[in-house]
Amino acid sequence: MTDSKDMLKVIIDALQDKKAEDIRVIDISNVSVIADYFVIASGSNTNQIQAMVDNVEEEMFKAGFDDPKVEGYNTASWILLDYKDVIVHVFSEDDRAFYNIERIWRDGKEVDINSL
């Protein structure tokens, strides 16, 4: 596995396995050079959010994608996993509503996760 779509599939499956809420994928490749895609998901509490992130890291490692840059793990209100081409944002429900990064990146194109 080497391309972003393969990474997205692994990430989405790992998030769904831990009951992530409102998973969104935004293609930002035409509006930014920082990544090709953002994956955004929510969890209802700190333990769930950390479990979602742990599962993403574990499944990505198994698929050959390792060593992401991780920010915010200890507070678990907004955890960011940077896999270079794909950046994963896992929010608490309150922080997701507050930061509303879907609105900030509205110039990107939303991807139907069922088509991956």
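**Notes on the fold, with helix H2 in view**

1. Gln-48 counts as buried because its relative accessibility is 14%; buried means under 20% relative accessible area, exposed over 50%, and partly exposed in between, with a 1.4 Å probe and protein chains only. Gln-48 sits in helix H2. Setting aside neighbours within four places in sequence, Gln-48 is in contact with Lys-18, Lys-19, Ala-20, Glu-21 and Gly-43, where contact means heavy atoms within 4.5 Å.

2. A word on the basis of these notes. This is a predicted model, in which local features need pLDDT of at least 70 and side-chain atom pairs count only at pLDDT 80 or more, while totals for chains, interfaces and linings use all residues. Residues are numbered from 1 along each chain as its sequence is written, and side-chain values use heavy atoms, with hydrogens and water left out.

3. Now the overall picture. The chain has four helices and six strands, and from the N terminus on its elements run α-β-β-α-β-β-β-α-α-β. The radius of gyration of the chain is 13 Å, close to the 13 Å that the globule rule gives for 116 residues, so the chain is as compact as a globular protein of that length. That radius is taken over C-alpha atoms, and the rule is 2.2 Å times the number of residues to the power 0.38. Helices (H or I, at least four residues) and strands (E, at least two) are DSSP runs, numbered from the N terminus.

4. Of the 116 residues, 42% are buried. Among contacts with a separation of 6 or more, 60% join residues 24 or more positions apart.

5. H2 covers residues 46-62, 17 residues in total, and reaches 24 Å from its first C-alpha to its last, close to the 24 Å expected at 1.5 Å a residue; the expected span is 1.5 Å times one less than the number of residues. H2 is followed by Gly-64, with a positive phi near 95°.

6. What does H2 pack against? Its buried residues pack against helix H1 (4-17) and strands S1 (21-27), S2 (37-43), S4 (78-82) and S5 (86-92). Those buried residues are Gln-48, Ile-49, Gln-50, Met-52, Val-53, Asn-55, Val-56 and Met-60.

7. The largest nonpolar core has 27 residues, of which Ile-11, Leu-15, Val-39, Val-56, Met-60 and Val-86 touch the most other members. The elements giving two or more residues to this core are H1, S1, S2, H2, S4 and S5, and the largest share, seven residues, comes from H1. A second, separate core has eight residues, among them Ile-26, Ile-28, Ile-40 and Ile-87. A nonpolar core here is a set of buried Ala, Val, Leu, Ile, Met, Phe, Trp, Tyr and Cys residues joined through side-chain atoms within 4.5 Å.

8. Not counting residues up to four places away in sequence, Val-86 touches Ser-4, Met-7, Leu-8, Ile-11, Tyr-37, Val-39 and Leu-81.

9. For the rings, those of Phe, Tyr and Trp (its six-membered ring) pair if their centres lie within 6.5 Å; planes under 30 degrees apart count as stacked, over 60 as edge-to-face and the rest as tilted. The count comes to four aromatic pairs. Phe-98 and Tyr-99 form an edge-to-face pair, 4.9 Å centre to centre with 85° between the planes. Phe-98 is exposed at 63% relative accessibility, and Tyr-99 is partly exposed at 35%. Ring pairs link Trp-78, Phe-91, Phe-98 and Tyr-99 into a cluster.

10. Most residues other than glycine have a negative phi. Asp-22, in strand S1, has a positive phi near 50° and is partly exposed at 43% relative accessibility. Lys-84, in the loop between S4 and S5, has a positive phi of about 65° and is exposed at 65% relative accessibility.
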